[in-house]
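I opened this model to go through its confidence, its sheet and its helix packing. My notes follow.

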Amino acid sequence: MTSQLFGRLARFAFGLALSSLLITSCGGSEQLAGATPTGVAPARVAATVVIPPTASPSPCPTLTPTASPSPTSPPSTPAPTLTAGQAREAHLAAKAQLASARAMAVVPMDRGTLWQWLAGFSAKTNQERENYIATQLFPTAGIEDVHLQRVLYGGAWGEQYGNWDNLHNVIGLRRGTLPVDQRKTIAIGAHFDKVTYPGRSANPGFSDGILDNATGVALIASLAQAISRPFNDIKFVAFASEEPPPYFNGSRLYFSEAENTAGVLCYLNFDVLGRGNMAIITGSANQELADIALGVAKETGVPLVWRPSSTNTASDDLMAQAAGLRVLAFACDGYDRLDIHVPEDNLSAVDQDAYYQHYVLALKILAYLDAWYAEP
Ligand SMILES: [Zn+2]
């Protein structure tokens, strides 16, 4: 399907979200009961998920028009015959309707907890950040099967926060509810390492790497917390060693392994959020995914803009794209070169309101994509 055709269908489908179709039943509605966990405790906090009794592993595609056929129709009127193209268009519209309902129904994590998760990165070395993610953040978010993949850097970048060769990608997943043979994977990532470029700022000291990129890692953990029962498997990866040249060292290793790309529908990257508007980076963006994201943003009422690719926006999505995956890279438009890799990059560099907005929009986009890909 061409992106032009998709765009037309997507517009049609989003229009339908406001029109006369009703969802009769859908397993996509989930409600987190009780307060969300505050702080990051080592123990996993179980979220109670209330699933409607009609829920089945398959997201029910049944749609019912509100208007019933008129009983006064003359019996001689021949039933309209849909062409194959019209039938396909109707199917895609129904599918988009379900995905939209799913996106709007998903309940975000609360703002205070997200901020606490972000603040948990403060004043930690890269190795301490890795440990925080693997033992506290990911397990608390409900991410299962958390494990490490060692990234041997071997490069020449000087040690600033410990030995680069002792860092690991932190990997885990939310298991999908579809039967195994129908289930695919959505991959989501953000790098956790930080660097300081000497001399970039007049102020002495090291960057705390909160904008770049604790914001991305805390955000993906909060996605996992909220999307507790996805249709598809959702893989979460906090990448090591994105920053030191030749760059993207953790993601290069991860995406070089066939098992990490097989059956992966798309990869979403998050690098520097929480200032200004959320943005899609132009260079790697898959047009169909971007159309979906922009449609969800419109429906959610949160701005989503394009940001041109540059050396300041290059990130791990480039490794996913090079491995043949469809990609969307998210950042924000409220930072520039002098705002990252400098001592001023600490918790006070993040706008709490903007960050929460970016998180909510990311969650809705993920919920939409998960539901969209749950149907053929
Ligand atoms: Zn970064």
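**Confidence**

The protein averages a pLDDT of 83, and 78% of the residues score at least 70. pLDDT is the predictor's confidence in each residue, from 0 to 100. I note that this is a predicted model: local features need pLDDT of at least 70, side-chain atom pairs count only at pLDDT 80 or more, and totals for chains, interfaces and linings use all residues. Residues are numbered from 1 along each chain as its sequence is written.

I checked residues 1-73 next. Their pLDDT stays under 50, and the model has 117 contacts beyond four places in sequence for them. A contact needs C-beta atoms, placed from the backbone, within 7 Å. Where pLDDT is low, the predicted coordinates should not be read in detail.

**Sheet**

I looked up the strand order. An open sheet of eight strands runs E5-E6-E8-E7-E9-E12-E10-E11, with mixed pairing. Strands E5 (144-150) and E11 (304-307) are the edges, each pairing on one side only. The twist averages 25 degrees from one strand to the next. Two strands pair if DSSP finds at least two bridges between them.

At one end I found E10 (residues 278-281) parallel to E11 over four bridges. Met-278 stands opposite Leu-304 in E11.

**Strand E7**

Is E7 buried or exposed? Seven of the seven residues in E7 (185-191) are buried. Buried means 20 or more other C-beta atoms within 10 Å of the residue's own; exposed means 12 or fewer, partly exposed in between, with C-beta atoms placed from the backbone. Thr-185, Ala-187, Gly-189 and His-191 point one way, while Ile-186, Ile-188 and Ala-190 point the other.

I then took the neighbours. E7 runs parallel to E8 (residues 233-239), joined by seven bridges. Thr-185 stands opposite Asp-233 in E8. From E7 the chain crosses through helix H5 (residues 210-226) to E8, a right-handed β-α-β crossover. Right-handed means clockwise from first strand over helix to second, with the strands pointing away from the viewer. Five bridges join E7 to E9 (residues 264-270), also in parallel. Ile-186 stands opposite Cys-266 in E9.

**Helices H2 and H9**

The axes of H2 (residues 84-105) and H9 (residues 352-372) come within 8 Å and cross at roughly 145 degrees. Axes are lines fitted to C-alpha atoms, for helices over the stretch in contact; angles run from 0 to 180 degrees between N-to-C directions. Contact residues include Leu-98 and Ala-99 of H2 and Tyr-368 and Trp-372 of H9.

Definitions and conventions: Helix = DSSP H or I, 4+ residues; strand = E, 2+ residues; numbered from the N terminus. Contact = placed C-beta atoms within 7 Å.
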